[in-house]
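Please go through the model below.

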Amino acid sequence: MDATSTRLERIAVELEAAARRDIARRRSPRRRLALVAVALAILAPAAAFAGERLISTTAADVAESMPAGTLSLAGTQPTCTVVTADVEYHCTLAKAPAPEVSDWKGTVEPTVDAMKHGERRLPLAR
Amino acid sequence: MRSDAELLRAARSDPAAFRELYERYARQIHGFHLRRTRDADAAHELTAETFAQAWLSRRRFRDRASGSAGPWLIGIARNVIAQSVRRRRIETSATAKLGMLERLDEPGSTVEPDERWLEGLDEALAELPTGERRALELRVVDGLSYDDVAIALATTPGAARVRVARGLGRLRTRLIDDQREAL
């Protein structure tokens, strides 16, 4: 076997190994998604609500409003804690959200108040 | 024997199928790069990069050349050369992304890509008879159906198909000659 053949064979071996790693990596998107989704911080800038109060004022209300306002969050069983009252909440999803959405960073999600009147849009940040 | 298109379809989940495709074309692609760079190390790096890019984009392959992946791979090889020249360094983004660079542990090429690498890049295509070249460009590069190629060339779909097949045959012969010359 000449030097070129040896080197091309080596590329073949490494290429196949790399391809196997690549496939293995891509076969676990749900797991990656779950890791991404475990902690979401809901940020409601005060400026966005000037002149009115956020209807859902407790952390439990915010948690309840998330699946109500965003279908993709249905079944995620969020629980929230207050970071800054009426401004920022830290929410944890017990289950990963709908798999078709892979990155929630920076998205804006609507919430619905307990009376199902109207909606508020809260920017989500990881 | 499976066609290239079938191998690429299988390669979506089967690395061994992709390796089979590599075995079919590695020499041709290597010859393509060696002919232009005239540097053994650079040619190997560019060959690895070409197939790494092909792996990463295998789902985008469309069978427009009667089951052959040759034109598609040559197109990737051409882009790898062009990217290297534009950036003044051997393109290695795909091999790096796949984690192949360090594992290959090859002596890195010391040549700096220059404009001369681009000379004659399309000469194989340019040397084809006009009708065959146009048919190939419309079918393979632009991705038109044979019906649309026929309309563009004011001929029948059957004649368009024949021109594409002949053009591919000539290109294949040319690439094999390139490879022999490079070795």
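The expected span of a helix is 1.5 Å times one less than its number of residues, and helices (H or I, at least four residues) and strands (E, at least two) are DSSP runs, numbered from the N terminus. This is a predicted model, in which local features need pLDDT of at least 70 and side-chain atom pairs count only at pLDDT 80 or more, while totals for chains, interfaces and linings use all residues. Residues are numbered from 1 along each chain as its sequence is written, chains are lettered from A and ligands numbered from 1 in the order in which they are written, and side-chain values use heavy atoms, with hydrogens and water left out.

Helix 3 of chain B covers residues 40-56. Its 17 residues should span 24 Å at 1.5 Å a residue, and its end C-alpha atoms are 24 Å apart, which agrees. Of these 17 residues, 14 are buried, so helix 3 of chain B is largely enclosed by the rest of the structure. Buried here means under 20% relative accessible area, exposed over 50%, and partly exposed in between (1.4 Å probe, protein chains only). At the start of this helix, a side-chain oxygen of D39(B) comes to within 3.1 Å of the backbone nitrogen of D41(B).

Helix 4 of chain B (residues 70-87) has 18 residues and reaches 26 Å from its first C-alpha to its last, close to the 26 Å expected. Its buried residues include W72(B), L73(B), I76(B) and V80(B). After the helix comes R88(B), with a positive phi near 60 degrees.

In chain A, T4(A) lies in helix 1 (residues 3-26). T4(A) counts as buried because its relative accessibility is 19%. Leaving aside neighbours within four places in sequence, T4(A) is in contact (heavy atoms within 4.5 Å) with R27(B), H30(B) and H44(B).

What does the contact between the chains take from each of them? It takes 22 residues from chain A and 31 residues from chain B. Of the area that chain A buries against chain B, R7(A), I11(A) and L15(A) supply 29%, more than any other three residues. Together the two chains bury about 2300 Å², 57% of it on carbon and sulfur atoms; buried area is the accessible area (1.4 Å probe) that two parts lose on being put together, summed over both.

The rule finds 4 salt bridges across this interface, each a side-chain nitrogen of Lys or Arg within 4 Å of a carboxyl oxygen of Asp or Glu. E16(A) forms a salt bridge with R19(B), with the closest N and O atoms 3.0 Å apart.

Notes
Polar contact = N/O pair within 3.5 Å; in protein donor to acceptor, adjacent residues only side chain to side chain.
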